Amino acid sequence: MSTNIKDRIFTMRSVIIDGYVDEPACFGVPPYISPYIRYIAGALVESGQKTNDILYFTIDQLRIPGSSDFSVIKEADLVIILSGVTVPGKYLRSTPITPSEIDYLCKNSKGIKIIGGPIKLGYSKEGGQKATYLTFPDDSYLASGDIEAFIKDLFDESGKLVDPASIDSRLRTNDEIARWSQKGAFIIEKHPDYPNVMCEIETYRGCGRNVHCSFCTEASYGYSDYRKIEDVISEVAQLYHFGARFFRIGRQPDIFSYQSKDIGESVRQPDAEALESLYSGIRAVAPELKVLHMDNANPLTIATFPNECREIMKTIVKYHTSGDVAAMGMESADPTVIKANNLKAYPKQVFEAIKLMNEIGAKRGTSGLPELLPGLNFVHGLPGESKKTFQLNFDFLKNVLNSGLLLRRINIRQVMSFPSTPLENMELPLYPKQFSKYRDKVRKEIDLPMLRKVIPKGIVLKDVLCEVVNKGKSGFWTSGRQMGTYPILVQIPEKLPLWQYRDVIVTGHGFRSITGVPYPLDINTASGRLMKEAGLPAPEVAAILRMRPFKNKDDVLMKVPGISGYSSLISVD
């Protein structure tokens, strides 16, 4: 640390590096931007720094060869690195920061380096089973509490830096993030995807259960600590002011338990009026929002309080945008595993929760997707698991499918044990061959037929954002997604301009994705491959390619009469 650090006045330049977070109750990999980024920026502003002196980069920007952004980081006075993946996943176009990248950034910056976020709990990567603590360069500091609180405490009342080694890491308060979330809202304009950023909104964190699931890191944040409804609404209003149009109320373990009441039972009683106030308030301050989605629902809450949760579901459907998904942490259908790991709900209770949500949310909305559907999360490798567990899980899913109920997403993963959880020193059961076979069986016999029911052929998905172009053996493919929670991957057999929205009609299904073509299909510009994917007969496709350009749709129908049955699919621009 520089010997004159205490004498620096606040005319410094700070750089926030978004290494991305992915937690059970928080998304932060693009197109999502986590609330922590905004809290950090707000803490800097509250400490006296001007917004123009706060720079923001994602790790993807810094990975670009020859990036000029590196020169800024090298000369910055303060470098803040946010990171942490506690539920490793697969991502379309971004990957979280690696330890070697953190090390490189720290060694190539002369300023103070502060590292924080969920990475304080340990580092994990896909394919591993145990997370490990990381060691960082000697001149960097790990915020073992909340990084946003560490940043605020880094400055005294006059705006001068204090010695980072003297700071006692702590958790921030809800009053603090109420201020910081608004003061830091400007930072979204600096995101490379802006304005196509999904702002993750926090309602509370921590777990209200007395006994926690064996593997979950949410308990490390303590007991449920609810934010004030007006604070959340004010944050959304400020983000909306800065151009945000996509919101996900995702940073909480159970949306149905927000502002819930302790009535002396093992499950807290939901407050339907609180959720009505929250959702209606968000709609009032963000009248032209494009997406309002949610995440995380405890099936036990729904099964225990069906009347209250039914009203909450109605509220969500009234104010949200369609395509919403409530991820339910079932984890296992095996009673032995459930008991050994203090899991939330038994199969019968989860089934009742799925049934109720289908009753309220299965109707198809304007996005082309059902209004609100459940998703299920399964975790394998937990204590008590046996080969029988795989069959019990599959049988449960088969029963849901055969009952005519819809699931938007089935997530199957191996457990990742963190030092902060009861699994830290346990020898966990591993059945790699059985796991692989079981997962493939679920994909083929559950995921595929379920996806065909949720998003059948001929459905038009509105506003699919084209994000990636790849070239395969058959030609170019454009991958896109709707902005939303757990968006389905859409594969279009054509090279399309990126960062443009297209309506897409569904033409086929994979296990975890769909194939589609732009809707309506412009006959004058579409490739023969695209027209064939849309289902147009080969002779008519050949005729269209030979005769185009056409003046209008009537011109097409007159010259290629065999295309009349596809009139609603085509256009002429």
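Me: What does G222 touch, not counting residues up to four places away in sequence?

Reply: In this predicted model, G222 touches G206 and C207, once residues up to four places away in sequence are left aside; contact here requires heavy atoms within 4.5 Å. G222 itself is found in the loop between β9 (204–205) and β10 (225–226).

Me: Why is G222 called partly exposed?

Reply: The relative accessibility of G222 is 29%, and the class called partly exposed lies between the limit for buried, under 20%, and the limit for exposed, over 50%; G222 therefore counts as partly exposed.

Me: What makes E200 and R248 a salt bridge?

Reply: The closest N and O atoms of E200 and R248 are 2.7 Å apart, and a salt bridge asks for a side-chain nitrogen of Lys or Arg within 4 Å of a carboxyl oxygen of Asp or Glu, so the pair meets the cut-off.

Me: Why are K441 and E445 said to be separated by about one helical turn?

Reply: K441 and E445 are four residues apart in helix α14 (residues 432–454), and that is why the separation is given as about one helical turn. Their side chains meet in a salt bridge at 3.0 Å, N to O. K441 has a relative accessible area of 32% and is partly exposed, while E445, with 34%, is partly exposed.

Me: Which parts does the salt bridge between E467 and R481 tie together?

Reply: E467 forms a salt bridge with R481, with the closest N and O atoms 2.7 Å apart. Because E467 lies in strand β16 (residues 460–472) and R481 in strand β17 (residues 475–482), the pair ties together parts that are 14 residues apart in sequence. E467 and R481 are buried.

Me: How do you know that the radius of gyration of the chain agrees with that of a compact globule?

Reply: For 573 residues, a compact globule would have a radius of gyration near 25 Å, and the chain has 25 Å, so the two agree. The C-alpha atoms fill a box of roughly 80 × 55 × 50 Å, taken along the principal axes, and 58% of the 573 residues count as buried.

Methods
Residues are numbered from 1 along each chain as its sequence is written. This is a predicted model: local features need pLDDT of at least 70, side-chain atom pairs count only at pLDDT 80 or more; totals for chains, interfaces and linings use all residues. Side-chain values use heavy atoms; hydrogens and water are left out. Helices (H or I, at least four residues) and strands (E, at least two) are DSSP runs, numbered from the N terminus. Buried means under 20% relative accessible area, exposed over 50%, partly exposed in between (1.4 Å probe, protein chains only). The radius of gyration is taken over C-alpha atoms; the globule rule is 2.2 Å times the number of residues to the power 0.38.
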